[in-house]
Amino acid sequence: TDWLTDWLKSNETIGGVHIFRSDARTLDEANRTAIEIMAKSKIPPFVTMDIVGGFTRHLGLTREEAKEYGVPEEFLRMAAEKGIELPSQEDIGRAFKILVNKKDYQGQIRFRKQMEEYGAAISRMCRDIGIVVNFAPVLDIVENIDGDQFMEKNGETYGNSTHTVMVLAFHYIKGFQSAGTETMIAPKHFAGTGKMPSNPHEETDPGVSRMESRD
């Protein structure tokens with residue numbers, strides 16, 4: 001973390017630091033980074049991360065570690081099928097939508113409980129790393145979950161159904177907060193990002209999204 005050492009030697013007062021994969025290739029490295037930030041800062045800063053799962057892999061961990069923290073087996077299987085450690089929001093949304101379409105109410109109740117277990121597992125993980133705020137879950141709605149818009153391709157949203165996004169986000173957040181870790185959770189993205197024609201993280205002129213009444 002040479003960048004951090006140089007920065008903290010300056011006269012700047014840091015209020016927050018966001019950690020990416022380069023300083024969080026393992027859980028231990030992420031923890032060491034957070035500790036170094038806290039130890040060298042003039043004031044206790046907000047140490048933040050994006051632990052959203054899927055292909056947004058800002059934190060390095062193994063599926064075995066995810067299991068130890070309590071990530072549900074069904075979610076671990078979703079991740080394993082894609083060769084990743086935590087399931088994408090899209091895969092979670094697809095699985096829930098199948099239960100909704102089948103009118104499998106018992107299955108939906110079970111899945112909602114699993115979402116809370118998943119949220120609690122990530123909350124405990126954040127606590128042990130030293131994360132103050134986790135920017136998750138993504139609350140955008142996409143037009144077509146099989147489309148080529150950047151959020152659709154990266155599997156970053158629960159889908160194109162307002163109901164699915166609302167229900168899954170609610171139970172994830174409820175589970176995260178129920179763990180009692182005092183780590184804060186910040187649902188993210190500006191309304192409409194999921195419908196932008198290009199990637200606003202990279203484009204200087206990402207265009208304008210089209211919002212409808214259901215959004």
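Predicted model: local features only at pLDDT ≥ 70, side-chain atom pairs only at ≥ 80, totals over all residues.
Author: Helices in this text are DSSP runs of H or I with at least four residues, and strands are DSSP runs of E with at least two, both numbered from the N terminus. Residues are numbered from 1 along each chain as its sequence is written, and side-chain values use heavy atoms, with hydrogens and water left out.

Reader: Why does histidine 201 count as exposed?

Author: A residue is called exposed when its relative accessible area is over 50%, buried when it is under 20%, and partly exposed in between (1.4 Å probe, protein chains only). Histidine 201 has a relative accessibility of 56%, and therefore it counts as exposed. Leaving aside neighbours within four places in sequence, histidine 201 is in contact with Phe150 and His189, contact meaning heavy atoms within 4.5 Å.

Reader: How do you know that the span of helix 5 agrees with its number of residues?

Author: The expected span of a helix is 1.5 Å times one less than its number of residues. For the 13 residues of helix 5 (residues 89-101) this gives 18 Å, and the end C-alpha atoms are 18 Å apart, so the two values agree. Helix 6, with its 25 residues, reaches 36 Å from its first C-alpha to its last, close to the expected 36 Å. Just after helix 5, lysine 103 takes a positive phi of about 55 degrees, and helix 6 is followed by glycine 130, whose phi is also positive, near 110 degrees.

Reader: What covers the buried residues of helix 5?

Author: The buried residues of this helix include Ile92, Ala95, Phe96 and Leu99, and what covers them includes helix 4 (73-81), helix 6 (105-129), helix 7 (150-153) and helix 8 (162-178).

Reader: What makes aspartate 91 and lysine 82 a salt bridge?

Author: A salt bridge is a side-chain nitrogen of Lys or Arg within 4 Å of a carboxyl oxygen of Asp or Glu. The side chains of aspartate 91 and lysine 82 meet at 2.9 Å, N to O, and the pair is therefore a salt bridge by this definition. Aspartate 91 counts as buried, at 12% relative accessibility, whereas lysine 82 is partly exposed, with a relative accessible area of 42%. The structure holds ten salt bridges, and glutamate 73 with lysine 67 is one of them, at 3.3 Å.

Reader: How far apart are the closest N and O atoms of arginine 94 and aspartate 146?

Author: They are 2.5 Å apart, and the two residues form a salt bridge. This pair links distant parts of the chain, 52 residues apart, with arginine 94 in helix 5 and aspartate 146 in the loop between strand 3 (133-134) and helix 7. Salt bridges that share partners join Glu90, Arg94 and Asp146 into one network.

Reader: Which strands stand at the edges of the sheet, and why is one side of each left without a neighbour?

Author: Four strands form an open sheet in the order 1-2-3-4, and the pairing is parallel. Strand 1 (16-18) and strand 4 (184-185) stand at the edges, and each has a single partner strand, so one side of each has no neighbour in the sheet.

Reader: How do you know that strand 1 and strand 2 pair?

Author: Two strands pair if DSSP finds at least two bridges between them. Strand 1 and strand 2 (residues 46-49) have three bridges, in the parallel sense, and so they meet the definition. In one of these bridges, the partner of glycine 16 is phenylalanine 46 in strand 2. Strand 2 and strand 3 pair over two bridges, again in the parallel sense.
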